[in-house]
Amino acid sequence: MSTAAEAPKYDPAYNFAFLDEQTKRMIRRAILKAIAIPGYQVPFASREMPMPYGWGTGGMQVTAAILGPEDRLKVIDQGADDTTNAVSIRNFFRRTAGVETTERTADATIIQTRHRIPELPLREDQILVYQVPIPEPLRFLEPRETETRTLHALKEYGLMHVKLYEDIAIHGHIATTYAYPVQVSGRYITDPSPTPKFDNPKMNHMPALQLFGAGREKRIYAIPPYTEVASLDFEDHPFTIQAWDRPCDICGAEDTFLDEMVTDDQGGRMFICSDSDHCERRRTAGHTGPMTRDAAE
Amino acid sequence: MTSTPNTNALLRASGLSKFYGGQVGCFDVAFELWPGEVLAIVGESGSGKTTLLNCLAGHIIPTSGVVEYRRHGEIMRNIFKMTEAERRSLQRTEWGLVHQNPADGLRMTVSAGANIGERLMALGVRHYGDIRSAALEWLERVEIDTERIDCRPETFSGGMRQRLQIARTLVTRPRLVFMDEPTGGLDVSVQARVLDTLRGLVTDLGLSVVLVTHDLGVARLLADRMVVMKDGQIVEDGLTDQILEDPQHAYSQLLVSAILSA
Amino acid sequence: MYVAVKGGEKAIRNAHRLLAKERRGDPGIAEVSVPQIDGQLSLAVDRVMTEGSLYDRTLAALAIKQARGDLIEAIFLVRAYRTTLPRFGGSEPIKTSEMVIRRRISATFKDVPGGQLLGPTFDYTHRLIDFSLAAESDCPIADLAPSPDNAAVPTIASILDREGLVETEVDSDPTAVPGDVTSGALDFPTGRDVRLQTLARGDEGFLLALGYSTQRGYARNHAFAGEIRVGTVAVEMFVEELGFAVPIGEITVTEVQMVNQFKGSSTVPPQFTRGYGLSFGHCERKTMSMALVDRALRGRELGEDHVGAPAQDEEFVLSHCDNVQATGFVEHLKLPHYVDFQSELELVRKMRREAAARAGAQEAAE
């Protein structure tokens with residue numbers, strides 16, 4: 001965490017959270033519509049933000065629209081608070097909204113994330129905002145927006161299952177490992193954003209509100225709290241999540257998503273929790289992993 | 001056609017016309033199709049038979065006239081009064097369409113098995129093993145080597161592609177199948193085999209079929225009844241055997257004499 | 001012992017400082033000024049204003065300086081700035097027929113009322129690098145002919161129109177408010193208003209390639225440059241309290257009207273069709289390309305066959321012509337993707353293990 005002297009100062013020249021109130025209202029209307037139709041992609045007039053499209057502008061606009069002065073914001077990318085883009089976005093909100101920021105999942109009221117869901121189960125008073133590059137789960141099967149819109153409207157999802165069938169026929173497995181399509185509330189097929197499929201089960205009946213922002217593609221969608229979210233599969237090829245054959249080298253966790261670190265060019269490897277806050281909390285609580293245990297001995 | 005409307009008919013066209021600006025596509029077409037019946041619409045190119053088929057299948061909106069279809073357990077309804085959603089649902093479930101060019105009716109970039117399985121999956125079948133067995137069963141039925149189940153149609157010959165298209169269309173046992181020159185694009189030597197497969201399936205499954213063809217031989221082999229089209233209008237209709245044996249209209253006589261001499 | 005790598009924040013700050021240093025360059029060399037960019041690299045400024053969708057020369061020049069000459073980066077800066085500006089209304093449509101003309105040419109007639117005015121153009125220069133430009137030189141002198149009287153310069157379109165030779169562009173619904181791409185998501189199929197807006201702020205290179213493709217046969221539309229105009233027009237705004245429109249400023253625009261493949265039917269005699277392009281400042285290449293692509297995209301409403309050419313594909317063209325969106329997404333690949341990569345690694349390793357096991361079992365069986 002940077003020192004107070006280095007953190008960007010709140011700049012009151014900007015409207016709170018950068019966007020003007022009209023724009024925030026427009027985005028909130030889109031969010032409400034999205035919550036009313038779980039998993040349905042609502043078009044919205046995405047604004048040009050000071051960050052490039054593709055770098056989280058959608059998530060940022062959602063966050064900016066719902067952020068209040070009392071909120072505590074956490075921003076993660078690949079599960080960590082300290083990755084460059086997470087730092088950049090967190091600083092943006094510090095500067096334009098002056099809100100308190102935190103790295104502790106438990107303390108946050110709003111969590112903006114890229115590519116991971118925190119390991120710690122979220123609560124009803126929290127909101128998870130996902131950054132989404134391509135909101136349309138059928139996009140790579142059908143490039144035309146006119147056609148995919150119709151398929152969703154008519155619940156014509158045969159194409160999606162054809163892809164899954166084909167994967168099993170060719171590879172023996174469903175070959176999608178991230179951005180694994182889900183069906184929300186038994187209706188819309190939705191892209192959970194490029195989170196690893198490992199995280200899909202967390203979305204099911206999550207107590208927190210889940211909001212999804214795609215700035216470049218100009219879509220917002222939502223999963224209300226306690227909504228059914230089912231990963232697509234076949235009865236005889238059920239959805240499974242990734243597993244590692246070793247625990248986190250630092251904290252010993254056996255049920256988290258692990259990052260693989262290359263330590264030398266001889267094939268040396270370390271595996272560490274991708275969720276940096278989670279790993280830190282476990283270590284503080286006294287848990288150890290193979291590497292920290294060895295060092296202690 | 002002056003038959004009294006039969007309330008058990010499956011499909012009915014009345015006063016059906018389609019104009020393209022000043023040009024006639026089809027004009028004042030009327031007929032009925034009963035369950036289990038194969039009706040051939042016969043004519044040369046430019047006769048309006050393809051326009052007619054497209055109207056019947058709900059792909060183009062007629063200029064005037066009505067197309068009615070009786071959904072399972074329901075009464076006759078004008079298909080153009082249905083919502084687009086309902087029409088599309090009909091096209092996916094109770095209807096089938098076999099295109100002249102098999103590539104138009106197949107996904108060329110996914111395997112034969114996936115092609116056959118798609119309609120099943122669209123209906124909600126979620127057991128990979130079951131889908132695969134159904135695909136294997138149908139490949140056998142249309143006489144495609146089951147080893148080819150994971151191959152893409154790109155690697156198939158024209159005849160094989162057409163047989164795959166037929167399997168893909170019939171796997172969900174649609175009540176009504178539209179066929180547009182099903183053997184039209186194939187080599188003569190291959191046509192006979194595909195026709196034979198079709199005939200077997202139509203009989204086995206008791207399909208109702210509207211079949212468009214320029215080839216009276218195809219009509220003779222597959223159809224119970226036929227209508228002859230010329231310049232957008234029906235010039236003669238009746239049982240296939242009767243027309244072939246004793247054509248009344250001059251144009252029908254011309255067509256019939258052509259196949260007899262071939 | 002392994003310590004989690006921290007310091008992303010510090011790394012970013014240092015990178016920013018280094019960037020500022022690189023931008024300034026050698027302190028022994030004079031700093032480039034915003035007026036210099038505005039005045040002497042004016043075509044770069046014109047492009048940034050056009051694709052940035054904001055007419056402000058100083059701002060565009062400043063953006064170019066900040067972006068170290070990377071024009072797409074400068075366009076991005078301008079667009080982001082535009083988002084923060086309050087919008088207080090819309091102007092009346094500009095009247096290019098009343099333009100104070102600096103340049104006006106037509107390829108469709110040898111001579112036209114008002115004449116062919118070449119203006120400042122690279123067109124007939126020989127592309128030989130002028131090494132004398134490496135040193136500062138005396139200010140070149142050029143006499144300017146007076147701008148012609150508007151009445152003496154009728155538009156080519158109006159000339160052809162007198163005989164009914166060219167399709168008349170008519171508002172299908174004069175009361176309809178034009179769409180606004182900056183306040184709504186693109187919806188396909190679009191109307192021509194939305195198409196033109198998107199093309200106007202679209203990337204010059206992309207549109208140039210698409211326009212070129214139509215000339216090479218990918219949906220050829222037999223284009224002739226009916227008229228190219230560059231000059232200043234007044235911008236007027238209707239003021240409620242006054243009850244009439246007042247001029248609020250002047251801008252320079254480039255307008256291109258292409259005359260294209262004629263079209264007729266059994267009921268309507270043939271007429272030439274049109275393609276339109278408009279940009280801020282002097283952006284001829286962009287505006288001509290825009291007019292070619294506009295015409296290609298009108299294929300559907302003109303009842304032309306869709307031959308599968310990229311320039312005819314509205315969804316393809318309009319979804320990919322915004323370079324700010326494009327660069328954002330292309331460059332986002334630089335962001336960490338290691339979690340997703342990890343997922344793929346796991347699957348690939350698993351499948352390879354299975355393949356090895358199958359091969360092993362097969363060998364054992366033999």
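The following exercises, with worked solutions, concern a predicted model. Residues are numbered from 1 along each chain as its sequence is written, chains are lettered from A and ligands numbered from 1 in the order in which they are written. Local features need pLDDT of at least 70 and side-chain atom pairs count only at pLDDT 80 or more, while totals for chains, interfaces and linings use all residues.

**Exercise 1. The fold of chain A**

Task: state how many helices and strands chain A has, and why its radius of gyration agrees with a compact globule.

Solution.
1. Chain A holds eight helices and twelve strands; helices (H or I, at least four residues) and strands (E, at least two) are DSSP runs, numbered from the N terminus.
2. The C-alpha trace of chain A spans about 60 × 55 × 35 Å along its principal axes.
3. A compact globule of 297 residues would have a radius of gyration near 19 Å, and chain A has 20 Å, which agrees. The radius is taken over C-alpha atoms, and the globule rule is 2.2 Å times the number of residues to the power 0.38.

**Exercise 2. Helices α1 and α2 of chain A**

Task: find the angle at which α1(A) and α2(A) pack, and the residues that make the contact.

Solution.
1. Helix α1 (residues 21-36) of chain A packs against helix α2 (residues 57-66) of chain A at about 100 degrees, with the axes 9 Å apart. Axes are lines fitted to C-alpha atoms, for helices over the stretch in contact, and angles run from 0 to 180 degrees between N-to-C directions.
2. α1(A) and α2(A) are therefore roughly perpendicular to each other (65 to 115 degrees).
3. α1(A) contributes Lys24(A), Ile27(A), Arg28(A) and Ile31(A), and α2(A) contributes Gln61(A), Val62(A), Ala64(A) and Ala65(A). Contact means C-beta atoms, placed from the backbone, within 7 Å.
4. By class, these residues are five nonpolar, one polar and two charged. Ala, Val, Leu, Ile, Met, Phe, Trp, Tyr, Cys and Pro count as nonpolar, Asp, Glu, Lys and Arg as charged, and the others, Gly among them, as polar.

**Exercise 3. Chain A against chain C**

Task: describe the side of chain A that touches chain C.

Solution.
1. The contact takes 47 residues from chain A and 37 residues from chain C.
2. On chain A, α3 (84-97), α4 (145-153), β11 (258-262) and α8 (290-296) each supply at least two residues.
3. α3(A) gives the most, with four residues.
4. This side of chain A divides into 17 nonpolar, 18 polar and twelve charged residues.

Key
Two residues are in contact if their C-beta atoms, placed from the backbone, lie within 7 Å. Angles under 35 degrees count as roughly parallel, over 145 as roughly antiparallel, 65 to 115 as roughly perpendicular and the rest as oblique.
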